[in-house]
Amino acid sequence: MIDPRILRDEPDRIRASQGKRGASVDVVDRALAADTARRAAIASFEEKRSAQKAFGKQVAQAAGEEKQALLAQVKELSGQVKELEAAQGVAEEEWLSALKAIPNVVAEETPPGGEDDFVVVEEVGTPRDFAAEGFEPRDHIELGRILGAIDLERGAKVSGSRFYFLTGVGAQLELALVNMAMDQARNAGFTQVIAPSLVRRSAMEGTGYLDQGGGDDVYRLEGEEMYLVGTSEVAMAAYHSEEILDGGSLPLRYAAFSPCFRKEAGSHGKDTKGIIRVHWFDKVEMFIYTTLEDAPAEHQRLLAWEKEFLEKLELAYRVVDIAAGDLGSSAIRKFDCEAWIPTQGKYRELTSTSNCTDFQTRRLDTRVRTGDRIGPVATLNGTLTAITRTIVAILETHQQADGSVRLPKALQPYFGGVEVLEPVKQ
RNA sequence: GGAGGCGUCGCCUAGUCCGGUCUAUGGCGCCCGCCUGCUAAGCGGGUUUGGGGCUACAACCCCAUCGAGGGUUCAAAUCCCUCCGCCUCCGCCA
């Protein structure tokens with residue numbers, strides 16, 4: 001939810017942002033009108049209410065005939081107050097829904113346009129040239145099979161399509177990656193968190209995931225108002241909801257591990273093979289609470305931590321600055337790190353970091369006290385590692401002609417010093 | 001899953017049975033000032049949050065806020081309903 005003050009004082013800033021997103025400006029006019037109507041409704045109600053309260057005091061002191069007379073008079077007033085109160089409620093609701101329909105005001109630096117209008121910020125490392133090395137790379141499905149690391153057949157048998165078992169070195173790989181990510185985060189001053197992946201409706205609602213397409217991508221528990229999170233961002237954003245944080249405690253940096261669940265509705269036919277796009281995966285997510293002023297700098301730090309992790313894994317990747325129209329409603333800017341996937345011959349998203357400013361906290365009612373002033377807090381999130389895609393990139397990038405896979409140096413200590421994963425079958 | 005108890009403006013607490021003088025009591029903590037060689041003590045004052053009006057986003061006035069949302073009533077912290085949370089006991093379980 002955007003700051004109502006910006007809507008009132010600088011509606012053109014929002015209109016410009018909508019333009020950059022390629023979205024309609026109608027929502028802005030609707031919200032402005034709703035704000036005016038709301039304030040009028042508040043004024044009428046409060047005026048009558050005040051009169052009623054004054055009357056009430058007289059009633060309390062009066063007795064006998066005088067009291068009866070007063071009661072007769074105040075009864076009508078009471079009816080009016082009720083009506084005006086109801087009208088105010090309606091106006092508030094309309095205002096709130098209009099306000100919620102406005103996505104966050106994109107950053108000045110955010111490229112305008114849609115999905116294809118991203119800007120490549122940098123390319124790090126060089127994709128391996130397998131032709132020059134003289135062999136055809138195997139895809140992660142084949143590698144996962146011969147290493148005994150990924151069992152897709154049984155995943156489908158037990159849970160359905162887009163499910164998998166990580167087995168043997170595959171399971172080891174996940175644990176190593178999680179530990180390496182958590183260690184990096186801890187060394188950078190993060191608080192490590194294991195977050196619930198099942199949340200109540202208010203948490204899911206507060207982060208806005210139910211707005212987008214009515215929550216098409218979100219699993220809901222049958223017969224209960226509980227939801228499976230698609231990212232621990234949901235739990236971590238709700239973590240400090242309805243709290244006033246101490247200004248001195250900022251920035252609050254959390255590294256949260258949780259399973260993530262996505263229905264992947266609408267992506268039928270995309271990435272149907274392997275573990276690039278699955279209904280469930282585990283992830284270590286960085287989540288930050290900080291001041292609005294510091295948010296852009298913190299965003300860069302998040303990006304730097306993501307890059308550090310990918311570099312330790314010796315992956316070739318690029319950083320892209322996502323265009324306005326491709327941002328979620330809560331982000332003002334987003335960077336994706338995309339790793340080179342050899343058998344696809346292209347870069348694929350491995351991590352993503354967003355600056356959501358005070359869009360989420362306003363809705364979840366998280367604020368900060370600085371001195372004697374209470375003000376808004378910014379939240380930012382960034383992937384440290386989404387296990388399945390990280391595994392895909394590692395296996396494909398570091399494979400050797402015989403089907404073995406070299407482990408990146410930084411990962412070896414988390415693997416008992418093992419340097420190479422050897423095939424266990426052909 | 002069953003039974004019972006509880007939820008008051010940072011923390012503790014009075015008030016809830018019997019609705020109006022609750023503009024919510026008192027203590028602790030914290031802030032400002034006074035006093036005192038310094039400190040402590042003492043004394044005086046302040047200390048929920050959101051919204052609206054007016055404006056310098058000051059002061060001031062108003063409205064809401066006693067876990068949340070409804071209801072009854074001229075009037076609700078107080079009565080009724082629903083939900084949420086916490087605690088105790090039983091059952092079940094890792």
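Residues are numbered from 1 along each chain as its sequence is written, and chains are lettered from A and ligands numbered from 1 in the order in which they are written. Because the model is predicted, local features need pLDDT of at least 70 and side-chain atom pairs count only at pLDDT 80 or more, while totals for chains, interfaces and linings use all residues.

## Overall form

The C-alpha trace of chain A spans about 105 × 45 × 45 Å along its principal axes. Chain A contains 13 helices and 18 strands; these are DSSP runs, with helices being H or I of at least four residues and strands being E of at least two, numbered from the N terminus. The domain assignment of chain A gives domain 1 (4-100) and domain 2 (115-421), with bounds that come from an automatic or database domain assignment. The centres of domain 1 and domain 2, taken over C-alpha atoms, are separated by 43 Å.

Of the 426 residues in chain A, 39% are buried. A residue is buried if 20 or more other C-beta atoms lie within 10 Å of its own, exposed if 12 or fewer, and partly exposed in between, with C-beta atoms placed from the backbone. Two residues are in contact if their C-beta atoms, placed from the backbone, lie within 7 Å. Among the contacts in chain A with a separation of 6 or more, 72% join residues 24 or more positions apart.

## The largest nonpolar core

A nonpolar core is a set of buried Ala, Val, Leu, Ile, Met, Phe, Trp, Tyr and Cys residues joined through C-beta atoms within 7 Å. In the largest one, which has 101 residues, Val 234, Ala 235, Ala 255, Met 286 and Ala 339 touch the most other members. Helix 8 (residues 169-187) gives the largest share of this core, seven residues. Both domain 1 (4-100) and domain 2 (115-421) give residues to this core, so it lies between them. In soluble globular proteins, nonpolar side chains tend to be buried together.

Not counting residues up to four places away in sequence, Ala 235 touches Ala 195, Pro 196, Val 199, Ala 203, Val 229, Ala 256 and Ser 258.

How far apart are the end C-alpha atoms of helix 3 (residues 26-61)? They are 53 Å apart, which agrees with the 52 Å that its 36 residues should span at 1.5 Å a residue; the expected span is 1.5 Å times one less than the number of residues. The buried residues of helix 3 are Val 28, Ala 31, Ala 34, Arg 38, Ala 41 and Phe 45. Their cover includes helix 1 (4-9), helix 2 (11-21) and helix 4 (64-100).

RNA strand B is surrounded by 17 residues, of which Glu 46, Ser 50, Val 59, Ala 60 and Ser 78 are the closest. A residue is near a molecule or strand if its C-beta atom, placed from the backbone, lies within 6 Å of it. Helix 3 and helix 4 each supply at least two residues of the surface near RNA strand B, and the largest share, eleven residues, comes from helix 3. This surface divides into seven nonpolar, four polar and six charged residues. Here Ala, Val, Leu, Ile, Met, Phe, Trp, Tyr, Cys and Pro count as nonpolar, Asp, Glu, Lys and Arg as charged, and the others, Gly among them, as polar.

## Selected residues

| Residue | C-beta neighbours within 10 Å | State |
|---|---|---|
| Glu 242 | 11 | exposed |
| Phe 261 | 20 | buried |

Glu 242 is in the loop between helix 10 (233-239) and strand 8, and its phi is near 55°, a positive value in a residue other than glycine. Thr 357 is not a glycine, yet has a positive phi of about 40°; Thr 357 lies in the loop between strand 13 (346-355) and helix 12 (359-364). In the loop between strand 8 (243-246) and strand 9 (252-261) is Pro 251, which a cis peptide bond with omega of about -5° joins to Leu 250.

Phe 261 belongs to strand 9. The C-alpha atoms of Phe 261 and His 279 are separated by 5.4 Å, although these residues are 18 apart along the chain. Trp 340 is found in strand 12 (residues 333-341). Leaving out residues up to four places away in sequence, Trp 340 touches Pro 127, Ala 316, Tyr 317 and Tyr 347.
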